[in-house]
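I open this notebook to record what I looked up in one protein structure. The entries are grouped by topic.

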Amino acid sequence: MGYVLKFCGWYPSRIDSLSGDFVQRHAIAISKHIKTVVLFAQKDPGLKGNKVEQVVFNNGNLYEYIYYYPKKSWLDKLWSQYYYLRILKSFLPFLIKAHGKPDFVHVNIVWRAILWALYVNWKFKWPFVITENSTEYQVNAFENIRKKSSWRKLITRKAFEKCELFIPVSKQLGETLNELYGSVPYKVVPNAVDTNLFYYYNPEGNRPGIPRLLHISTLGYQKNIEGILKVLLRLSKTSLPFEVIMVGPELEMVKNFLDKNEILKKCVTITGPLTYKNVASLMQTADCLFLFSRYENLPCVILEAHCCGLPVITTDVGGIPEIITSENGLMLPSEDKEALFIALINMVEGKLHFDRQAIANKAKQLYNYDTVGAMYFEIYKKQFPFISKHDPAYKDVIVL
């Protein structure tokens, strides 16, 4: 009975429910076509001593094994790497007893997870493929692979040399990895969207009385939040009616900027983190999503917005040009505050027009779980012809 074993560098946990959520969505999508077992380890500062705690989730064809290990004040990074390998080694006999040997391994987010993949590749000859979502490979990324330690760079290079196939979320990321590590064969599969939450809902009668501009991000350097605030301040001085909802952490820098500019503070609401349901509701009633990123791969938030029929104003960085057209949004040069100001002015004044139903229909077809999962499964079958589709009726699995 075939299955794919996923090693993840990021994954939702009780420590951070949002970190790696796009990895989990891929796992859900894949599990619709083949049994999927996820293994993830997360540092938990609340654990004492050398205790390792296991949490198991099972939903249909998806099995998630989350391990929590304690933080050590001394040699913490070295300790983490040790625990990663230790957890895997102790887990493998139970894994094989419960599920048999995997057909292959799928690594999501290279760093840390690749240590496991390289180990089982060496020990058991299990082949592996890689999906990467980290922006650290982008040339102008603040956290940049080119500035990491020689050890980190060596392991990363070895990962792409040994993998059977690279499955990036955008063509641009695939080409970037080829520039870094030579000829790495790749096939693109986009991020997935839960279209049961993110869908078109006719906003007529549900919109606020004034134009609503929506921004969703970490509000940090990558997202160029300082550039956004300067543009919004200028927009607030035009006397045009509008409101801005920013979904993200309430950073001190943002709070201080708003406190110093009362005219803008009246227009801006910072929500803090929200549930996906609440984010979807905002998308369904907003006039546009706008981003001003310095670098990206393929932001899930753009795909989610499109599934809601929401047009997107964004910068032409990373894989974004592969999905933004004149029919679903507007692309701007990175760092061009004048271009962002003009675009937002045109949106507020009602000069930009989009067929929201058409945007949603196309996006739903491209990014829903069934479509993305089928793309992965077709790649799997071509790369590993010996795999068998997991029978959803199979119930004789031992849950650890």
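**Basis.** I am working with a predicted model, in which local features need pLDDT of at least 70 and side-chain atom pairs count only at pLDDT 80 or more, while totals for chains, interfaces and linings use all residues. Residues are numbered from 1 along each chain as its sequence is written, and side-chain values use heavy atoms, with hydrogens and water left out.

**Confidence.** I looked up pLDDT, the predictor's confidence in each residue, from 0 to 100. The protein averages 90, and 94% of the residues score at least 70. Over residues 390–400 pLDDT stays under 50. For that stretch the model has 26 contacts beyond four places in sequence, a contact being heavy atoms within 4.5 Å. I note that where pLDDT is low, the predicted coordinates should not be read in detail.

**Helix α3.** Helices (H or I, at least four residues) and strands (E, at least two) are DSSP runs, numbered from the N terminus. I checked the length of α3, residues 113–124: its 12 residues should span 16 Å at 1.5 Å a residue, and the end C-alpha atoms are 17 Å apart, which agrees. The expected span is 1.5 Å times one less than the number of residues. I then looked up burial, where buried means under 20% relative accessible area, exposed over 50%, and partly exposed in between (1.4 Å probe, protein chains only). The buried residues of α3 include Ala113, Trp116, Val120 and Asn121. Just after α3, Lys125 has a positive phi of about 65°.

**Helix α11.** At the N-terminal end, Asp336 caps α11 through a side-chain oxygen 3.3 Å from the backbone nitrogen of Glu338. Just after the helix, Gly350 takes a positive phi of about 75°.

**Aromatic rings.** Rings of Phe, Tyr and Trp (its six-membered ring) pair if their centres lie within 6.5 Å; planes under 30 degrees apart count as stacked, over 60 as edge-to-face and the rest as tilted. By this rule I record 15 aromatic pairs. Phe104 and Tyr380 are edge-to-face, because their ring centres are 4.6 Å apart and their planes stand at 65°. This pair links distant parts of the chain, with Phe104 in strand β5 (residues 104–108) and Tyr380 in helix α13 (residues 369–383), 276 residues apart. Both Phe104 and Tyr380 are buried. Phe124 and Trp126 form a stacked pair, 4.9 Å centre to centre with 25° between the planes. Phe124 counts as partly exposed at 31% relative accessibility, whereas Trp126 is buried at 6%. Ring pairs also link Phe104, Tyr376, Tyr380 and Phe384 into a cluster.

**Helix α9.** I found Gln284 in helix α9, residues 276–285. Gln284 counts as buried, at 7% relative accessibility. Its side chain reaches the backbone oxygen of Tyr199 at 2.9 Å. Asn278 also has its place in α9 and counts as partly exposed at 38% relative accessibility.

Conventions: A polar contact is a pair of N or O atoms within 3.5 Å; within protein, one must be able to donate a hydrogen and the other to accept it, and residues adjacent in sequence count only if both atoms are side-chain atoms.
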